[in-house]
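Keep the sequence and the 3D view open as you read.

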Amino acid sequence: MFCKNCGKEIDDKAVVCVHCGVATDLAATTAAAPVEDKKVNALGIAGFIVSFFSLGLGIYFCIASIVGLVLSIVGMVQSKKCTLNGFAIAGLVLGIISLIIWGLVWLIVGAAIIGMGGTPA
């Protein structure tokens with residue numbers, strides 16, 4: 001590219017002309033671009049952490065799995081306004097897996113308990 005002030009050739013990525021010091025068009029576009037501050041997706045991260053620990057805490061009637069799922073879903077809803085959205089997705093996946101695993105465990109345990117209470121021989 002060429003400098004709009006002195007006409008000498010300069011680098012395409014230059015912000016100012018190395019020959020005359022005048023700002024290039026690139027400097028105006030980078031300075032005018034607003035910097036958007038996004039909040040960290042804290043609920044998505046909390047959902048991931050609770051869902052991760054729910055893999056081991058499902059013995060408490062799947063409450064941790066459900067809490068992790070709810071936090072991850074709320075984190076997914078807020079994902080357009082926040083950064084670190086991968087944690088919300090991972091928390092959602094882990095929460096679903098944990099809920100399925102512990103739901104099946106409790107179903108089997110419940111069936112076994114009901115089966116033991118049958119008629120005596």
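This is a predicted model: local features need pLDDT of at least 70, side-chain atom pairs count only at pLDDT 80 or more; totals for chains, interfaces and linings use all residues.

Residues are numbered from 1 along each chain as its sequence is written, and side-chain values use heavy atoms, with hydrogens and water left out.

**Two packed pairs**

Two packed helices are described by the angle between their axes and the distance between the axes. Axes are lines fitted to C-alpha atoms, for helices over the stretch in contact, and angles run from 0 to 180 degrees between N-to-C directions. Helices are DSSP runs (H or I, at least four residues), numbered from the N terminus.

| Pair | Angle | Axis distance |
|---|---|---|
| Helix 2 and helix 3 | roughly 160 degrees | within 7 Å |
| Helix 3 and helix 4 | about 155 degrees | 8 Å |

Helix 2 covers residues 42-57, and helix 3 covers residues 63-77. Their angle makes helix 2 roughly antiparallel to helix 3 (angles over 145 degrees count as roughly antiparallel). The crossing of helix 2 and helix 3 is left-handed (the near helix is turned anticlockwise from the far one by less than a right angle). Contact means heavy atoms within 4.5 Å. On the helix 2 side, the contact residues include Leu43, Phe48 and Val50; on the helix 3 side, they include Val67, Leu69 and Leu71. The residues of this contact are 10 nonpolar, eight polar and no charged. Here Ala, Val, Leu, Ile, Met, Phe, Trp, Tyr, Cys and Pro count as nonpolar, Asp, Glu, Lys and Arg as charged, and the others, Gly among them, as polar.

The angle in the second pair makes helix 3 roughly antiparallel to helix 4. Helix 3 also passes helix 4 in a left-handed crossing. Among the residues in contact are Ile66 and Ile73 of helix 3, with Ile89 and Leu92 of helix 4. This contact divides into nine nonpolar, six polar and no charged residues.

**Helix 4 by itself**

Helix 4 runs over residues 86-116. Its 31 residues should span 45 Å at 1.5 Å a residue, and its end C-alpha atoms are 45 Å apart, which agrees (the expected span is 1.5 Å times one less than the number of residues).

Which residues of helix 4 are buried? They are Ala88, Gly91, Leu94, Gly95, Ser98 and Trp102. Helix 2 and helix 3 are included in what covers them. Ile89 counts as partly exposed, at 45% relative accessibility (buried means under 20%, exposed over 50%, partly exposed in between, with a 1.4 Å probe and protein chains only). The C-alpha atoms of Ile89 and Gly47 are separated by 9.1 Å, with the two residues 42 apart along the chain.

Technical notes
Helices (H or I, at least four residues) and strands (E, at least two) are DSSP runs, numbered from the N terminus. Angles under 35 degrees count as roughly parallel, over 145 as roughly antiparallel, 65 to 115 as roughly perpendicular and the rest as oblique.
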